[in-house]
Amino acid sequence: MDVVRRRPTKPAPSDKVVVDRRPSSPKASDALPLPLYLTNGIFFTLFFSVAYFLLHRWRDKIRNSTPLHVLTLSELAAIVCLIASFIYLLGFFGIDFVQSFISKPDADDDPQRFILHEDRNVLCSIPPPSPPKPKIPLNLSDDDDELVDRVVSGEIPSYSLESKLGDCLRAARIRRAAVQHLTGRSLEGLPLEAFDYDSILGQCCEMPVGYVQIPVGIAGPLLLNGCEYSVPMATTEGCLVASTNRGCKAIHASGGATCVLLRDGMTRAPVVRFPSAKRASELKFFIEDPINFETLSVVFNRSSRFARLQSIKSAIAGKNLYLRFTCSTGDAMGMNMVSKGVQNVLEFLQNDFPDMDVIGISGNYCSDKKPAAVNWIEGRGKSVVCEATISGDVVSKVLKTTVSGLVELNMLKNLTGSAMAGALGGFNAHAANIVSAIFIATGQDPAQNIESSHCITMMEAVNDGKDIHISVTMPSIEVGTVGGGTQLASQSACLNLLGVKGANKESPGANAQLLGLVVAGAVLAGELSLMSAISAGQLVKSHMKYNRSQKNFAKN
Ligand code: ADP
């Protein structure tokens with residue numbers, strides 16, 4: 001049953017819906033009207049009781065010297081029951097396991113399953129040249145030169161170079177030459193060599209022609225929960241690393257920061273449509289029943305050994321139902337994992353709700369890579385709060401400002417100013433700066449900086465106004481230490497520096513959670529330093545110093 005395909009009897013309003021159109025293998029359990037746990041219980045009991053019965057009969061026959069092949073009616077019935085229950089249990093528990101050995105990777109493992117093939121072809125083919133541009137001289141062999149001509153003429157699609165040549169670097173070189181020829185513009189300055197193009201094939205970037213270099217600076221040590229971290233930040237914004245580093249210094253000199261993980265769960269929210277609002281509400285109530293939720297959890301968790309369903313929050317808009325699934329995903333950021341689980345559940349629900357029309361696996365109620373109140377309020381990824389008390393001495397000596405000046409600025413800028421601007425999760429000075437720089441350095445999805453930068457910065461004078469308590473509360477930091485760009489050499493080196501590279505074997509999920517805490521700790525440092533600079537009136541001066549070096553002035 002293909003749950004994500006539009007029902008064939010109805011017209012599809014949009015062919016661009018992001019869907020998996022491959023049929024999934026039916027399970028024996030699909031045919032039964034009973035809840036999953038009851039069906040499993042019945043077949044387990046049947047299997048073991050008839051097996052016991054048959055063994056007993058067998059023993060009696062051996063004792064009485066009766067031939068084993070002479071069967072009574074009850075024995076025949078028992079054998080039929082044994083075979084039937086065995087087939088059911090194998091279908092339910094065994095097929096996926098066996099298939100994982102004998103077949104190609106599962107459709108759900110294919111990261112391109114959400115891309116329509118038509119779109120891919122459109123995106124990947126280079127249009128024929130018009131008008132012809134002068135050829136930029138490149139030092140290519142005759143063979144490669146000929147291949148460039150064939151790509152330029154459209155005879156060889158650019159996207160097929162890797163599979164055709166079996167050499168990713170050579171494919172990138174030829175594609176790069178073809179692009180330069182087609183556009184008549186040089187890519188000199190964009191490096192090509194010294195990059196492992198095999199490592200990005202099929203998972204990080206299609207049709208590469210080189211790579212962009214972004215410098216990585218280190219802020220720290222950041223003293224967080226009693227441990228020191230050197231925080232890698234990839235950025236081209238002068239001042240950013242220096243400023244975060246100054247914040248780290250102030251935190252360190254004041255005894256460190258404390259960070260607490262409040263919640264950890266990735267979300268995905270499909271949208272489904274019913275013939276009536278009443279039917280949509282029936283599914284909502286069905287899901288809210290704890291017994292049904294338990295059954296759905298079993299189905300969901302089969303997607304991965306790390307996926308554990310935590311909750312399903314539903315919202316209705318007329319006949320349409322949005323189901324926001326939240327689950328833990330171990331050390332993965334988890335978008336693929338949660339999507340697989342959701343797909344399993346939708347397939348399962350189609351048995352009881354055959355009139356459910358799955359419009360899309362993502363209905364934007366998730367909400368991924370868009371500013372949305374649901375993330376700000378409910379959280380997504382790691383929800384973290386981080387705090388520190390900075391002594392008045394450090395405020396004046398390191399941050400060059402005053403406690404009262406900082407508290408007043410925070411009230412009028414981060415709280416009142418953001419409220420005046422109608423901010424959504426933007427009650428901070430520049431959380432996105434630190435989040436993005438760490439995301440790029442550690443191979444996170446930079447587009448998720450949108451919700452990951454949601455942050456409210458609070459400042460309060462404490463100890464009779466001598467010291468300042470500062471906190472950042474960040475409900476949706478979306479990070480992982482496995483999957484995506486985290487496995488690339490440079491990014492995994494930065495994760496290694498933080499001690500969170502790859503999967504945590506002892507406690508799956510601990511690495512990604514620690515990375516979330518470090519992000520919040522670094523944001524705390526960044527907030528402290530930038531707010532101090534603004535409070536002391538130093539912002540423009542320091543940017544002039546770090547962003548406009550003498551070299552730049554000389555050029556101007
Ligand atoms: P994402 O959902 O973030 O895109 P994927 O689900 O594609 O990530 O990648 C995670 C992969 O890593 C899965 O195949 C999972 O089985 C594997 N994995 C290995 N160890 C872990 C771990 N500790 N936590 C999460 N996933 C892990």
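**Ligand, backbone, helices**

A backbone N or O atom of Asn 336 sits 2.9 Å from an oxygen atom of the ligand. Please keep in mind that this is a predicted model.

For Gly 334, a backbone N or O atom is 2.7 Å from a ligand oxygen atom. For Met 335, a polar backbone atom lies 3.1 Å from an oxygen atom of the ligand. How much of the ligand does the protein bury? On its own the ligand exposes 560 Å², and 73% of that is buried by the protein.

Now the shell around the ligand. There are 13 residues in it, and those that come nearest are Asp 331, Gly 334, Met 335, Asn 336 and Met 337. Most peptide bonds are trans, and most residues other than glycine have a negative phi. Which residues does the cis bond with omega of about 5° join? That bond joins Gly 220 and Pro 221. Pro 221 is part of strand S1, which covers residues 216–224.

A cis peptide bond also runs from Cys 366 to Ser 367, and its omega is near 0°. Ser 367 is in a loop, the one between strand S7 (357–360) and helix H11 (373–378).

The phi angle gives another entry for the list. Asn 225 is not a glycine, yet its phi is positive, near 50°. Where is Asn 225? It is in the loop between S1 and strand S2 (227–234).

Last, the helix pair. Helix H14 spans residues 431–442 and helix H16 spans residues 489–498. Their axes are 6 Å apart, and the helices pack at an angle of about 115°. H14 and H16 are therefore roughly perpendicular to each other.

Which residues meet in this contact? From H14 they are Ile 440, Ala 441 and Thr 442. From H16 they are Ser 490, Gln 491, Cys 494, Leu 495 and Leu 498. Sorted by class, the contact of H14 with H16 has five nonpolar residues, three polar and no charged.

That is what I have; I will take questions now.

Note on methods: Residues numbered from 1 in each chain as written. Predicted model: local features only at pLDDT ≥ 70, side-chain atom pairs only at ≥ 80, totals over all residues. Heavy atoms only, no water. Axes fitted to C-alpha atoms, helices over the stretch in contact; angles between N-to-C directions. Helix = DSSP H or I, 4+ residues; strand = E, 2+ residues; numbered from the N terminus. Parallel < 35°, antiparallel > 145°, perpendicular 65-115°, else oblique. Contact = heavy atoms within 4.5 Å. Nonpolar A, V, L, I, M, F, W, Y, C, P; charged D, E, K, R; others polar. Near = heavy atom within 4 Å. Polar contact = N/O pair within 3.5 Å; in protein donor to acceptor, adjacent residues only side chain to side chain. Areas by Shrake-Rupley, 256 points an atom, 1.4 Å probe, with all protein chains shown as cover.
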